[in-house]
Structure formats: structure tokens, C-alpha cells
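Morning, everyone. Please bring up the model, and I'll walk through a few features of its side chains and surface.

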Amino acid sequence: MSITQDYYEENAKEFFESTVNVDVEYLYNEFLPYIPQGGRILDLGCGT
């Protein structure tokens, strides 16, 4: 494994537990007004 993979393997549970219930509505409120009616958002999977 690489150093990066080792890090994620060792810290995955802690990262998940500290981020799974984070309220990110304030982030949505910042950018959703710029999405046109019927627009689409591509989620790149950067969260838990």
C-alpha cells in the first residue's frame, strides 16, 4: 500500500464518525441560488 492508502485505512472510521452528521446546509445556501431551475449538480463524492 501507499502512504496515502495507509492513512485512509488507519483513519477511515474516525473520519466517517466526525463528518457523517455534519450539517452543510449553509454551504448549499451559498451556491444553490446560482443553479438554474432544472439545473443539475455533479457530486464528485468528496464526503462520507
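Start with Lys13 and Glu17. They form a salt bridge, with the closest N and O atoms 3.9 Å apart. The cut-off for that pairing is 4 Å. Keep in mind that this is a predicted model. How many salt bridges does the structure hold? One.

Why do these two residues sit about one helical turn apart? Because they are four residues apart in helix α1, which covers residues 3-19. Lys13 is exposed, and Glu17 is exposed as well. On the general point, side chains of opposite charge can pair when their charged atoms come close.

Next, empty space. A probe the size of a water molecule, rolled over the atoms, shows where such space is left. Take the second largest pocket. It holds about 170 Å³. Which residues line it? Tyr7, Tyr8, Asn11, Ala12, Glu14 and Phe15. By class, that lining has four nonpolar residues, one polar and one charged.

Now the surface. There is a nonpolar patch of about 780 Å². Tyr26, Leu27, Tyr28, Phe31, Leu32, Tyr34 and Ile41 make it up. Let's pick out one of them, Leu32. Where is it found? In the segment after α2, the helix that spans 25-31. Its relative accessibility is 39%, so Leu32 counts as partly exposed. Patch residues need over 30%, and Leu32 at 39% is one of the patch members.

To recap: one salt bridge, a pocket of about 170 Å³, and a nonpolar patch of about 780 Å². Over to you for discussion.

Methods
Residues are numbered from 1 along each chain as its sequence is written. This is a predicted model: local features need pLDDT of at least 70, side-chain atom pairs count only at pLDDT 80 or more; totals for chains, interfaces and linings use all residues. Side-chain values use heavy atoms; hydrogens and water are left out. On a 1 Å grid over the protein atoms alone, a cavity is a set of points where a 1.4 Å probe fits but cannot get out, and a pocket is an open set with protein on both sides within 12 Å along at least five of seven lines; lining residues have an atom within 4 Å of a point. Grid points are joined across faces, edges and corners, and a volume is the space filled by probe spheres set on the points. Ala, Val, Leu, Ile, Met, Phe, Trp, Tyr, Cys and Pro count as nonpolar, Asp, Glu, Lys and Arg as charged, and the others, Gly among them, as polar. Patches are made of residues with over 30% relative accessible area and no salt bridge: like charges are joined within 9 Å, nonpolar side chains (Val, Leu, Ile, Met, Phe, Trp, Tyr) within 5 Å. Accessible areas come from the Shrake-Rupley method with a 1.4 Å probe; for residues, only the protein chains shown count as cover. A salt bridge is a side-chain nitrogen of Lys or Arg within 4 Å of a carboxyl oxygen of Asp or Glu. Buried means under 20% relative accessible area, exposed over 50%, partly exposed in between (1.4 Å probe, protein chains only).
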